[in-house]
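Welcome, and please open your viewer with the chain drawn as a cartoon. We will go from stop to stop, selecting a few residues each time.

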Amino acid sequence: RWLRQHEYVEKLNMHGILSASAGQEQLLTELLVTHAKIPVLIGELISVEIWKRKIFPVLCELEDFKPRSTFPIYVVLQHEASIINLLETVFFFKEICESAEDSILDLIDYCHRQLILLVARSPKAQAADPVPPQELQKQAEMMEFEISLKALSVLRFITDQVDSLPPGALTRMLNTHNLPCLLVELVEHCPWSCWEAGELKKFENGMWHVVPPEDQVKMTKLDGQVWLALLNVLLSPECQRKYHFNDFNKSQLLKLRAFLTDVLIDQLPNLVEMQRFLSYLAVTEPAPPKKNLILEQVPVMWDRILKKNVGKWEAIAKHQVKHAFSPTEEELKLQARRWAQTYSLDMMEALAADKPRCRVCGVEAAKRCSRCRNEWYCTRACQVQHWQKHKPACNLMA
């Protein structure tokens, strides 16, 4: 049943990407709103996040867990990425944000947790040839980074709709989580950019790219998302009324002035308003925090799942090892056929920005394995060279 649900989410995600690229995502958003599926997707997102934090580490530490294939576990990890990617595609629309209703609080909390991980992220040395479950953990870490970047985009779209949010959502973003200061941290640390061997690299479109010297001051899409979110939460009159501009928050926000260069403002002219606001903030005394009685809405999904399963995580992990992650060879073949149908190769190729590359040498490839149609090669020689490694997966998929 869960695999069927994952297939539906994956197909929705692929459909959303293709619709967005064609500018026709209105039909998908109408369906999600009409059938009230946004709260369902947010609930599923929270569930998988808890599974990843509470059960996945236990699975990796079980000494007797030696799965025939780690792909069933990878599918669960991919489930979170698919949902957040789908939400990123549709949350651009105001009606989607409104249809989330009170579950928007859970989504705000989720995005906040992901941004905390993004700010705390540090480069790590990677082993040359990891083995399961180390390979799974490495994949999960790489996926976590991309999920955090998607969460940043979703949160920026939420800030676009501050006038349509439930009463407690804005207070939770501004004062419970202090989103403005967290965004300042992202501007300072810029985790999607790094220097390596004297070259500047930036993460764009799912890959790290070396940035030529003439483009090093160019604003990326991720930079733009942070600045747009800051514009939304700092310049909105409602946000200014609710945010506590105490001494600490004021000092953090004033750090932004060092980044508001003429080059940056030329790329995003709206930042002139931000510059004026910060200049005004620098010469005014922060207003004292209001001490009025406040009734605040709180998210329920995360706490409900945690309370329901407290003390049961190891038992749940062992149950899943026995019933979900240790399929027989016949069950694995059946699942592989279903996955092959879900991850339609023709659709995946339509989504790919780059031409396929040879699995062996990395050059552009025009030939594909005729049995599983999953691997690409530039010549017959490369295909023969890779056959012994590819054979087990090919037999499974074919």
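**Stop one: the sheet.** Begin with an open sheet of 3 strands, which follow the order β1-β2-β3 with antiparallel pairing. Select residues 193-196 for β1 and 207-210 for β3: these strands stand at the edges, and each has a single partner, so one side of each is left without a neighbour in the sheet. From one strand to the next, the twist averages 35°. Keep in mind that you are looking at a predicted model.

To see the two strands face each other, show E196 and find E199 in β2 opposite. Strands of a sheet pair through backbone hydrogen bonds, either parallel or antiparallel.

What phi does N205 take in the hairpin of β2 and β3? The hairpin has 2 residues between the strands, and N205 has a positive phi near 55°.

**Stop two: helices α9 and α10.** Select residues 179-189 for α9 and 221-235 for α10; the helices pack at an angle of about 155°, and their axes are 10 Å apart. An angle over 145 degrees counts as roughly antiparallel, and that is therefore how α9 lies to α10. The crossing is left-handed.

Turn on side chains next. On the α9 side, L179, P180, L183, L186 and V187 make the contact, and they meet V226, W227, A229, L230, V233 and L234 in α10. By class, this contact of α9 with α10 has 11 nonpolar residues, no polar and no charged.

**Stop three: helices α6 and α8.** Move to residues 104-120 for α6 and 167-176 for α8, whose axes come within 9 Å and cross at roughly 15°. Are these helices roughly parallel or roughly antiparallel to each other? With that crossing angle, α6 and α8 are roughly parallel. Their crossing is right-handed.

Show the side chains here too: I104, L105, I108 and D109 in α6 meet G168, A169, R172 and M173 in α8. The contact of α6 with α8 holds 5 nonpolar, 1 polar and 2 charged residues.

**Last stop: an annotated region.** Finally, select residues 358-394, which an unreviewed UniProt entry annotates as "domain: MYND-type". Over this stretch the chain is 41% helix and 11% strand, with the end C-alpha atoms 16 Å apart.

Terms used
Residues are numbered from 1 along each chain as its sequence is written. This is a predicted model: local features need pLDDT of at least 70, side-chain atom pairs count only at pLDDT 80 or more; totals for chains, interfaces and linings use all residues. Side-chain values use heavy atoms; hydrogens and water are left out. Two strands pair if DSSP finds at least two bridges between them. Helices (H or I, at least four residues) and strands (E, at least two) are DSSP runs, numbered from the N terminus. Axes are lines fitted to C-alpha atoms, for helices over the stretch in contact, and angles run from 0 to 180 degrees between N-to-C directions. Angles under 35 degrees count as roughly parallel, over 145 as roughly antiparallel, 65 to 115 as roughly perpendicular and the rest as oblique. A crossing is left-handed if the near helix is turned anticlockwise from the far one by less than a right angle, and right-handed if clockwise. Contact means heavy atoms within 4.5 Å. Ala, Val, Leu, Ile, Met, Phe, Trp, Tyr, Cys and Pro count as nonpolar, Asp, Glu, Lys and Arg as charged, and the others, Gly among them, as polar. UniProt positions are given in the numbering used here, feature names are shortened, and annotations may be inferred rather than shown by experiment.
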